[in-house]
Amino acid sequence: MSQILFSCVNIGVNKLALAKFIKRLLMKKLFLLLFCGFSLCIANAQTKVPRFHVIALYENGGHHIEYSKAARGWLDKLAIDSNFSIDYIQNTDSIDDKFLSKYQLFIQLDYAPYAWKDKAVAAFEKYITEGRGGWIGFHHATLIGEFDGYPMWEWFHQFMGDIRFKNYIATFAKATVAVEDKQHPVMKGVSPTFTVEKEEWYTYDKDPRPNVHVLATVDESTYVPNSDIKMGGDHPVVWTNLNYKARNVYIFMGHSPILFESKDYRTLFTNAIFWAAAK
């Protein structure tokens, strides 16, 4: 009788131990599932598909190298924070239709419109004309004319508003930029007027306004120090050409790395990226 009672108690104890063991096992499995799920979420976040792809053509020499370095650092951080990808090239050798088909935005970062390879010229013109992607050009993009023995790129001449480079303030000047089209997405959050501490302020053979939509101008009366090198009143420095299918915006300011210390300049640049990359 006592043996039977002992067996029953023993079975009860074993069942209790078994229940505890199963509970611990289930808890471990639950933890592992939660851990794996969390790890998968992190992995997915780290490998998210970029919203769009950008190619930036930049100068890696001459007196714009410091601006290019600052721009690259800033762009790399923005790309990570905003989930887009960006690649860089220092010449036009690789540009053709196939190459450009990978990108939704082309940034011409202080790179002049001459000495391009013929296949790059043809591919770029098609990219803009057919609206295959957007474009943002800076500063040196309006160094239009005959330079270093190269003829003027006539198509690009028209793209920039039928203008030709004329002169510039080689000793630099501080000046105030005034936003003209406050409703345009590129100007969202940009102060109505903002100061550019150091710039060359190109002049052209004619005012581009009749051929482009002006977004901002520089007030030549605010030049410090004053300069005789002026357009004579109307001096557009940010514009878009509505005659082309691609979203495009030209931003003249792009010589000095100190531009990236300006919240308004960073906002302008950021807005231009997201506006021009959209179709």
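A pocket, on a 1 Å grid over the protein atoms alone, is an open set of points with protein on both sides within 12 Å along at least five of seven lines, and its lining residues have an atom within 4 Å of a point. Keep that in mind for this predicted model.

**The largest pocket**

Pro113, Tyr114, Ala115, Trp116, Asp118, Val121, Tyr150, Pro151 and Trp153 form the lining of the largest pocket. The space inside amounts to about 170 Å³. What kinds of residue make up this lining? Eight are nonpolar, one is charged and none is polar. Asp counts as charged, and Asp118 is in the lining.

**The whole chain**

The protein chain holds six helices and eleven strands. It has 279 residues, and 46% of them are buried.

**Two residues up close**

Asn91 sits in the loop between β2 (85–89) and α3 (97–100). His157 belongs to helix α5, which covers residues 154–159.

Is each one buried or exposed? Asn91 has a relative accessible area of 34%, so it is partly exposed. His157 is buried, because its relative accessible area is 9% and the cut-off for buried is under 20%.

| Side chain | Backbone atom reached | Distance |
|---|---|---|
| Asn91 | nitrogen of Asp93 | 3.0 Å |
| His157 | oxygen of Ile163 | 3.5 Å |

Next come the contacts, leaving out residues up to four places away in sequence. Which residues does Asn91 touch? They are Leu57 and Tyr111. Asn91 can also be placed relative to Ala120. These two residues are 29 residues apart along the chain, and their C-alpha atoms are separated by 9.9 Å.

His157 has its own set of partners. Beyond its neighbours within four places in sequence, His157 is in contact with Ile144, Met152, Asp162, Ile163 and Arg164.

**In brief**

The largest pocket has a lining with eight nonpolar residues. Asn91 is a partly exposed residue in a loop. His157 is a buried residue in helix α5.

How values were computed:
Residues numbered from 1 in each chain as written. Predicted model: local features only at pLDDT ≥ 70, side-chain atom pairs only at ≥ 80, totals over all residues. Heavy atoms only, no water. 1 Å grid on protein atoms, 1.4 Å probe; cavity = no way out; pocket = protein on both sides within 12 Å on 5 of 7 lines; lining within 4 Å. Points joined across faces, edges and corners; volume = space filled by probe spheres on them. Helix = DSSP H or I, 4+ residues; strand = E, 2+ residues; numbered from the N terminus. Buried < 20%, exposed > 50% of the residue type's maximum accessible area, 1.4 Å probe, protein only. Contact = heavy atoms within 4.5 Å. Polar contact = N/O pair within 3.5 Å; in protein donor to acceptor, adjacent residues only side chain to side chain.
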